Amino acid sequence: MRVLITGGAGYIGSFTARKLVSRGHQVTVYDNLVTGHRNNVPEGNLIVGDLKDIDQLDQALIGHRIEAVLHFAASCYVGESVFNPAKYYTNNLLTSIHLIERMRRHKIGRFVFSSSCAVYGLHKTDTLDETHVTMPVNPYGHTKRATENMLADYCPAYGLGYTSLRYFNAAGASADGQFGEKHDPETHLIPLVLDVAKKKKDNVHVFGTTYPTPDGTCIRDYVHVEDLAEAHALALERITPGQGAVYNVGSGTGSSVKEVIRTCEEVTGCKIPLIDTPHRAGDPPRLVASSEKIRRELGWKPKYPDLHSIIETAWNWHQRQA
């Protein structure tokens, strides 16, 4: 298929772009490069553009005869969304409306949405499946849920086929160490811990140690970015216009902040100094996926099922960068 990937110069988007190219799809990346990186995209596959520029978006969709869209472009920091919700409603919800509306006008009937476990909010169950009520507790989650609502309404009304992938914490790097996780500023736990192991930072902050979890720190489900890319490819290739689907993508295993740090110490052989810091606004204590549905219906099977193997790939990439 001829595919447009918004935000395809970013971390997960670029891994997915390379995955789709390897499977024979014609990929065009549309990214404003505010947080993405030009060198993540194969030469000739990038349009530098903003989703707020509707004329340029139209030109990309029409000029490249796009048949399907994978939508990654979004602001994605939970804490920032609490203090600056306007940014998130503009960058996440408004631009999604622009994009899906242009797709409708140009009769593009396949859409894969980069959603998030943040749509679930607070739950007391050990793992979350797709039937759980969605009750976001931060603006980031609200914008993802609102876009999912739009897709569910557009599907029967206009024949849009879509898959919403609610994935959990992306991590890791390519097996060859060539591509990895790079944000500015970096806020994700694993790269921050590995920066301490590389002596780029003196310590890592632990945001909250009194959550109702075994060691008092937040529990999250980590999934390798290559496995996420595979999930997007499988979703794209199974979409049928006029039908919608929602899938969790995660390992099904929760790891606390302190467990992640201990595993990083095992992989790197370095001691990681910690600083206890107050809770961040909008952080649920526990988010762990049940991915049985995507395994059963799409045949998704992660190649990196455990935290240790995920961190090993990330550490390999970090060492290459040094």
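This is a predicted model: local features need pLDDT of at least 70, side-chain atom pairs count only at pLDDT 80 or more; totals for chains, interfaces and linings use all residues.
A charge sits over a ring if NZ of Lys or CZ of Arg is within 6 Å of the ring centre and within 35 degrees of the ring normal. The charged end of Arg104 lies over the ring of Tyr158, 4.5 Å from the ring centre. Lys293 places its charged end over the ring of Tyr247, at 5.1 Å from the centre.

The structure holds 4 aromatic pairs. One of them joins Tyr11 and Phe15: the ring centres are 5.8 Å apart and the planes stand at 85°, so the pair is edge-to-face. Both residues belong to helix 1 (residues 11-22). They are 4 residues apart, about one turn of the helix. Tyr11 and Phe15 are both buried.

Tyr88 and Tyr140 form another edge-to-face pair, with 6.4 Å from centre to centre and 85° between the planes. Tyr88 sits in helix 4 (residues 85-105) and Tyr140 in helix 5 (residues 139-158), so this pair ties together parts 52 residues apart in sequence. Tyr88 is buried, and Tyr140 is buried too.

A search of the whole structure finds 1 cavity of 30 Å³ or more. The volume of the largest cavity is about 50 Å³. Tyr11 returns here as one of its lining residues, which also include Glu181, Trp317 and His318. Helix 6 (189-197) and helix 10 (307-321) each supply at least two lining residues. Helix 10 gives the most, with 3 residues. By type, the lining of the largest cavity divides into 6 nonpolar, 3 polar and 1 charged.

Terms used. Residues are numbered from 1 along each chain as its sequence is written. Side-chain values use heavy atoms; hydrogens and water are left out. Rings of Phe, Tyr and Trp (its six-membered ring) pair if their centres lie within 6.5 Å; planes under 30 degrees apart count as stacked, over 60 as edge-to-face and the rest as tilted. Buried means under 20% relative accessible area, exposed over 50%, partly exposed in between (1.4 Å probe, protein chains only). On a 1 Å grid over the protein atoms alone, a cavity is a set of points where a 1.4 Å probe fits but cannot get out, and a pocket is an open set with protein on both sides within 12 Å along at least five of seven lines; lining residues have an atom within 4 Å of a point. Grid points are joined across faces, edges and corners, and a volume is the space filled by probe spheres set on the points. Ala, Val, Leu, Ile, Met, Phe, Trp, Tyr, Cys and Pro count as nonpolar, Asp, Glu, Lys and Arg as charged, and the others, Gly among them, as polar.
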